[in-house]
Amino acid sequence: MAVALPLLPARTSTAITSTPLFSGNPRTLILEQCKTIKDLNAIHAHLIKTRLFLKPRVAENLLESAAILLPTSMEYAISIFRQLDEPDSPAYNIMIRGFTLKQSPHDALLLFKEMHENHVQPDEFTFSCILKACSRLQALSEGEQIHALIFKCGFGSHGLVKNTLIHMYANCGEVEVARRVFDQMSERNNRTWNSMFAGYTKVGYWEEVVKLFRDMLELDARFDEVTLVSVLTACGRLADLELGEWINKYIEEKGLKGNPTLITSLVDMYAKCGQVDTARQLFDQMGSRDVVVWSAMISGYSQARRCREAINLFHDMQKANIDPNEVTMVSVLSSCAVLGALETGKWVHFFIKKKRMKLTVTLGTALMDFYAKCGSVESSMEVFEKMPVKNVLSWTVLIQGLASNGQGKRALELFYLILENNVKPNDVTFIGVLSACSHAGLVEEGRNLFVRMSRDFGIEPRIEHYGCMVDILGRAGLIEEAYRFIKNMPIQPNAVIWRTLLASCKVHKNVEIGEESLKQIVVLEPTHSGDYILLSNIYASVGRWEDALRVRVAMKEKGVKKPPGCSLIELDGVINEFFAEDNVHYQSEEIYNAIEDMMKQIKSAGYVPNTAEARLDAEEDDKESSVSHHSEKLAIAFGLMNSPPGTTIRITKNLRVCTDCHNATKIVSKVFNREIVVRDRTRFHHFKGGSCSCNDYW
């Protein structure tokens, strides 16, 4: 809120006859003794009584104490300022600076306008202070007007003013203008360079940060720790490990390891470059750690998909009594989402509420994404409704969550609600919407939306959108049309496009187009094991066992290895991991006994094992045993053993759910009266009462 700054009528000047009660310069006494408002009042009264207040420099010292040094005395500073007969530029400078420092930059601009109207000549400090106010407000128009006044007043070549101009333009997003001011400077000091670095950093021009630093090195210009922090941040964003390591060596050589801000930047750089263990070594060597470095390390683990380590480190952070910030919580929620750790994530949500953390767009969207990826769509919706501010990403995350959880029609309803709310969808929104059409089998709706993307919203389809259309057609059994669609694409199809078609060929047992798809994939990505497995399974599904085995042999000859199927289940906050046919879990004996009992019960209810999903090297007599020991069946048995009756079982799997496990889980949900939520590589399956949310369409 603007503070009223009424102009007082000019006073009649009075002759100054002061009593010399201050020995020497009173500045030291005033600035050092004014610790509180009470001190300020006492010294102010003394200065009035001794008539020293009539001396401009003495009055300005008092003004500085009120406007800048004391935290809550701005109103008092205004009253002092209004008592000055004819305030000069130093007095105005103090007030402008005070308003800016105390989060009232708008008042600083009003006072500068008054200064100009009163024909008080500004100096270089005036322009530096008022440009900082423009920067705080991102008041580009006012900043440009002041820039013109700077030239008119003859300060256009002054270094301090130009440095602040660079900062103002950069903070207002006009980095190109800031760079022109920078390039026009014949002499640049360290502050000049850092202002330019800060500008590029603010708008995310990371390549320009690195390029500018290399220019700096070529010119043998001096740089400091602030410079290195900016450059290390850019190295992390660009994964420029080479330059980052050069800076690390420089820090060691110059003995700067004691600077915690620099080490935090190094931790962040190494983590973002994938060198998480190196980042952890630096982290562990730090004597004291603030919330920034904890967040950087947790974020590093999260981005590297070392999610359990991220959550463990978060628990260590709590033990160290460090309050997390928004960045910390977003990283932890992301890790919980990847692991499908619903109970842990719920606790994090409770922690956020307990700490009264503001539900910003970023944090709210992270919570929504977490709940959606744990299969709890209703909780995701609740967070969405409570968010005070939403952006297109918030809407998009909800659409994607509904789509992947088998609620495609509801996702489309939300998309049309976006349009009603005048929120402009982006390219990612359309990926979610087309995915919803794919999972719900809405072929015509998908075709229509694909056309509308470019026609109505000016969004040119990217490779991901073409992939969605191939998936829509392929899942619907329109294999030949999907193949023609790929052949007519205006951009070169990648391996993902052909892999999507290959997966559809497996579902619909189309051997011919499946073979053609694999030929195309092998050219683009010859070592992706899943593609060979898909074609092998296509052959197996139509009884061509020799061809299926031939594909597996070709895999072995080419050194292509299949990642093992892995399923995770969270129980009492602990993540339990299972691999197909493994026996490393501490309850393995009980789990295999439970599976045997589970299989007997679901067979009685109509389950017939699909031995085509067994290991190809399994003997005929062992194939049924092989499919019964898939990782998700082990996880389900563990869940049935260790959770109360009626409790929902939630499983996360790294691969696509096979047909046999899908059929078995449907019957398990009915026989044992359990809801079972399985998140596989592409979507969620909500099993309940003998049916699945995907309607056997996945």
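The legends below describe close-up views of a predicted model. Residues are numbered from 1 along each chain as its sequence is written, and side-chain values use heavy atoms, with hydrogens and water left out. Local features need pLDDT of at least 70 and side-chain atom pairs count only at pLDDT 80 or more, whereas totals for chains, interfaces and linings use all residues.

**View 1. Strand β5 and its two antiparallel neighbours, β4 and β6.** Helices (H or I, at least four residues) and strands (E, at least two) are DSSP runs, numbered from the N terminus. Two strands pair if DSSP finds at least two bridges between them. Strand β4 (residues 676-679) pairs with β5 in the antiparallel sense over four bridges, and I676 has F687 in β5 as its bridge partner. Four residues lie between β4 and β5, which form a hairpin. On to strand β6 (residues 691-692), β5 is joined by two bridges, again antiparallel, with K688 opposite S691. This second hairpin, of β5 and β6, has two residues between its strands, and G689 in the turn has a positive phi of about 60°. Strand β5 (residues 684-688) is largely enclosed by the rest of the structure, because four of its five residues are buried. Buried means under 20% relative accessible area, exposed over 50%, and partly exposed in between (1.4 Å probe, protein chains only).

**View 2. The salt bridge between E577 and R308.** A salt bridge is a side-chain nitrogen of Lys or Arg within 4 Å of a carboxyl oxygen of Asp or Glu; by this rule the count comes to 29. The side chains of E577 and R308 meet at 3.3 Å, N to O. E577 belongs to strand β2 (residues 574-579) and R308 to helix α18 (residues 307-319), so the pair ties together parts that are 269 residues apart in sequence. Both ends are partly exposed, E577 at 32% relative accessibility and R308 at 35%.

**View 3. The salt bridge between D531 and R499.** The closest N and O atoms of D531 and R499 are 2.5 Å apart. D531 is in helix α31 (residues 529-541) and R499 in helix α29 (residues 495-508), so the pair ties together parts that are 32 residues apart in sequence. Both D531 and R499 are buried.

**View 4. The salt bridge between K633 and D660, and a salt-bridge network.** For K633 and D660, the closest N and O atoms are 2.7 Å apart. The pair links distant parts of the chain, with K633 in helix α35 (residues 631-642) and D660 in helix α36 (residues 659-671), 27 residues apart. Both K633 and D660 are buried.

View 5. Most residues other than glycine have a negative phi. Q103 is found in the loop between α5 (89-101) and α6 (105-117) and is exposed, with a relative accessible area of 59%. N321 lies in the loop between α18 and α19 (326-339) and counts as exposed at 68% relative accessibility.
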